[in-house]
Amino acid sequence: MDQAQDDYSQTIAELHQRLRGAEEDLSTIKSEKAILNEALEQVQHDKASLSLEIDKVKSTLSQSSKKWHDEKKKLKTRAKEGDHTLVLLSSTMENVKKVNAETEEKLKAQLNETNEKNFKS
């Protein structure tokens with residue numbers, strides 16, 4: 001019976017030792033879980049902050065893109081108007097050259113006519 005009592009005492013001692021080891025492991029796991037939960041909360045906070053920042057950047061990019069598109073459209077319109085103006089100026093210049101040439105011819109003819117009259121007199 002003493003042997004059985006010793007075996008029983010030894011088994012209980014081993015179980016207490018295993019229980020203390022399990023409690024220490026549980027304590028370590030709880031500490032690690034708390035650390036991981038804090039890290040998870042920080043990651044979630046960072047994710048929310050980054051999401052807001054991404055939304056702001058997307059909004060700014062969209063506005064900039066729209067402004068660029070509008071400016072590009074204005075510049076194309078101005079370029080077309082400039083081309084149209086150049087065509088009109090070119091046409092007007094050609095007409096002015098023709099009128100100048102005709103006026104020059106008329107003036108030369110009048111000058112010759114006047115010179116002939118003066119020469120005859």
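Buried means under 20% relative accessible area, exposed means over 50%, and partly exposed lies in between (1.4 Å probe, protein chains only). Asn112 is partly exposed on this scale, at 45% relative accessibility.

## Basis of the model

This is a predicted model: local features need pLDDT of at least 70, side-chain atom pairs count only at pLDDT 80 or more, and totals for chains, interfaces and linings use all residues. Residues are numbered from 1 along each chain as its sequence is written, and side-chain values use heavy atoms, with hydrogens and water left out.

## Fold and overall shape

The chain has 1 helix and 0 strands. Its radius of gyration is 51 Å, well over the 14 Å that the globule rule gives for 121 residues, so the chain is more spread out than a compact globule. The radius is taken over C-alpha atoms, and the globule rule is 2.2 Å times the number of residues to the power 0.38. Helices (H or I, at least four residues) and strands (E, at least two) are DSSP runs, numbered from the N terminus.

Along the principal axes, the C-alpha atoms fill a box of roughly 170 × 20 × 15 Å.

## Separations along the helix

Glu38 and Met1 are 37 residues apart in sequence and 55 Å apart in space, C-alpha to C-alpha. For Thr103 and Leu40, the sequence separation is 63 residues and the C-alpha distance is 92 Å. Asn112 and His45 are 67 residues apart, with 98 Å between their C-alpha atoms.

Glu38 has its place in helix 1. Thr103 lies in helix 1, and Asn112 is in helix 1 as well.

## Surface and exposure

Of the 121 residues, 0% count as buried. The chain exposes about 11800 Å², and carbon and sulfur atoms supply 57% of that area. Accessible areas come from the Shrake-Rupley method with a 1.4 Å probe; for residues, only the protein chains shown count as cover.

Glu38 counts as exposed, at 57% relative accessibility. Thr103 is partly exposed, with a relative accessible area of 37%.

## Charges

The chain carries 21 positive and 23 negative side chains. The centres of the two sets lie 20 Å apart. Lys and Arg count as positive and Asp and Glu as negative, while His and the chain ends are not counted. The place of a charge is taken as NZ of Lys, CZ of Arg, CG of Asp or CD of Glu.

## Salt bridges

Side chains of opposite charge can pair when their charged atoms come close. The structure holds 2 salt bridges. A salt bridge here is a side-chain nitrogen of Lys or Arg within 4 Å of a carboxyl oxygen of Asp or Glu.

One joins Asp70 and Lys66, with the closest N and O atoms 3.1 Å apart. Asp70 and Lys66 are 4 residues apart in helix 1 (residues 2-120), so about one helical turn separates them. Asp70 is partly exposed, at 29% relative accessible area. Lys66 counts as exposed, at 53%.

Another joins Glu104 and Lys108, with the closest N and O atoms 3.4 Å apart. Both residues lie in helix 1, 4 residues apart, about one turn of the helix. Glu104 is partly exposed, with a relative accessible area of 43%. Lys108 is partly exposed, with a relative accessible area of 43%.
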